[in-house]
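Me: I am new to this structure and would like to learn how to read it. Please take it one feature at a time.

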Amino acid sequence: MNAAPSRWRRLAIKLAQHASWVLPGAGPWAEAMRHELDHIADDAAALRWALGGLLASYRARLALSRCFRARVRLRSVGTIGVLMLVIGFALVGHASGQPEPLRPVFDETACDLPGVSPEIRPRLRCGTVSVPRNHDNPGVGRFKLAVVVVKSAQQPSFSEPVVYISGGPGGPLTIYADHQARTPYAPSRDLILVDQRGTGRSEPKLCPELDSALLDAALAVATDPSDDALAKRRTVYAACRAEAVAHGFDLKDFGTSVTAADFESVRRALGIERWNVYGESYGTTVAMTLVALHPDTVRSAVLDSIYPPDPRPMHSANVADALDAFFGYCAGDQACAAAYPDLAATYRETVSGLARAPLIVTVPPEMHLPDDQVSLTSTLFEALVSRLIYYPTAYPSLPRLIATVRDRDSQGLGKVLSSALAAMAAEVNPSTHLAVECRDRPHHRDPLPAGASVLDRLQPYGVCDDWSEIGPAPLVPIGTAVPTLVLAGEFDPVTRPSDSQHVAALIGPNARWVEFPRIGHNVRAFSPCGAKIAAGFIENPAQSPDTSCADRAAPIRFLPK
């Protein structure tokens, strides 16, 4: 579905129609002129072309005969007078209001993405879509968003592709185009990948010189969440904000409502009438808002590991529930229970021991820490475990990690810490993350309770008040007619399965909720069963998906002590 034509475009169409009527032998020319207009993307250029065509038509008509010329002169004076009056009113309206937005266009570029294999490269179309910095005031400037279209391996593809909306907020996506191309979301459907504004290869870069300082500040808070560490983090974020503002960026130009408008621009630029929306983690927040605002453009929606709008529990409460579920599974697994009896108590004992005496851990040189060492405090350990519970690949070794740290054994721990920090750095741009969270989440402006967990202190409490105003709230598409599939992991530390089930109930009878045992955050990435169910649902959203494979999940094979 194309964008509604602007005032200038509508006027250009009317002028071209009138020009074709005036032109001698007008029949075939009307269609030709309309087609010519379709190839002029810029509305102002289209209006200039239509005016020129109108004048040329009158000149040709006037040349036919002296008799006809006299009548046409009278008619032309009246007609052109009316046309000029219409243009004048258009100009007055244009000057008194905001400039008409340009029609979004996909500007194709070379695919200079890293790590793309020769067999995948021919399937990629790379380019940018220019979007307004402020969708309500498009005259203030534009940002270019990086877009990659991954053509289906099976051609011809269906006309309704899948758009994957990644998490974060602040996570890059297009650099993973090769991997995404190898894991199709649905057979015979093209895949659309977009770096959201401020992420990956999309504009803007808020404070690129401070990204490492922001990560260092987060690590400092995780190691010692003292008031001094929190104050230093606020100082770094204040410097980031100052740099962004100095570059002319308005921090109100972020948030889920803005991101949803960006995706709508991408859809129109690619000429897509409807698409299938797949949101993961924070991407579900954008996906739900898109469905709420533009339901006619969405054929189906998959919400993988929901990140719901406020109000929501404290992050520490969600992590505690996920760990309790994991420890409960270990207690019910014969091998795990035998090797690590009462894993929950062992975890609490480990945290208490580190609070009394941190463990010195040797880390790889690439972490750039003094003497290649880090002090593993109780809070840093809690932060580490809260990250590991995201990933099913970490589950087999997690009980042994907890037990070895309790026994003061640091062997191999440095690599675990390094990998976790590297993953955090690669997954999220911290400045963009903050820019979106501060606009979306009012609870970040609430005071932290006394004795708040390090997991909550790592959230942007105390930062958002000085960053930007609260923006429009993300939406839940309550009662939508769009078929929706909600995927939840049993050990998800971001959103409890019961909470995502509640969101599915709010969406209404067209939402189907499926829980996956022994899965954390991002079901599709770690569950072949989840990927199969999602693909089947996208293929036929009207049909209830076969979810029986979710009940046959393989057990966790825990490493011995």
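Me: How many salt bridges does a search of the whole structure find?

Reply: First, the basis: this is a predicted model, where local features need pLDDT of at least 70, side-chain atom pairs count only at pLDDT 80 or more, and totals for chains, interfaces and linings use all residues. Residues are numbered from 1 along each chain as its sequence is written, and side-chain values use heavy atoms, with hydrogens and water left out. A salt bridge is a side-chain nitrogen of Lys or Arg within 4 Å of a carboxyl oxygen of Asp or Glu. The search of the whole structure finds 18 of them.

Me: Which residue forms a salt bridge with Glu 160?

Reply: Arg 299 does, with the closest N and O atoms 3.3 Å apart. Glu 160 lies in the loop between strand 3 (142-150) and strand 4, while Arg 299 is in strand 7, so the pair ties together parts that are 139 residues apart in sequence. Helices (H or I, at least four residues) and strands (E, at least two) are DSSP runs, numbered from the N terminus.

Me: Is Asp 227 buried or exposed?

Reply: Buried means under 20% relative accessible area, exposed over 50%, and partly exposed in between (1.4 Å probe, protein chains only). At 59% relative accessibility, Asp 227 counts as exposed. Its salt-bridge partner is Arg 457, at 3.9 Å from N to O. Arg 457 is buried, at 17%.

Me: Where do Arg 267 and Glu 264 lie?

Reply: Both are in helix 8 (residues 256-269), three residues apart, which means about one helical turn separates them. Arg 267 and Glu 264 are both buried.

Me: What is the strand order of the open sheet?

Reply: Strands of a sheet pair through backbone hydrogen bonds, either parallel or antiparallel. Here two strands pair if DSSP finds at least two bridges between them. The open sheet has nine strands in the order 1-2-3-5-4-6-7-10-11, with mixed pairing. Strand 1 (106-109) and strand 11 (511-516) stand at the edges, each with a single partner strand, so one side of each has no neighbour in the sheet.

Me: In which sense do strand 1 and strand 2 pair?

Reply: They pair in the antiparallel sense, over four bridges, with strand 2 covering residues 124-132. Within this pairing, Asp 107 stands opposite Thr 128 in strand 2.
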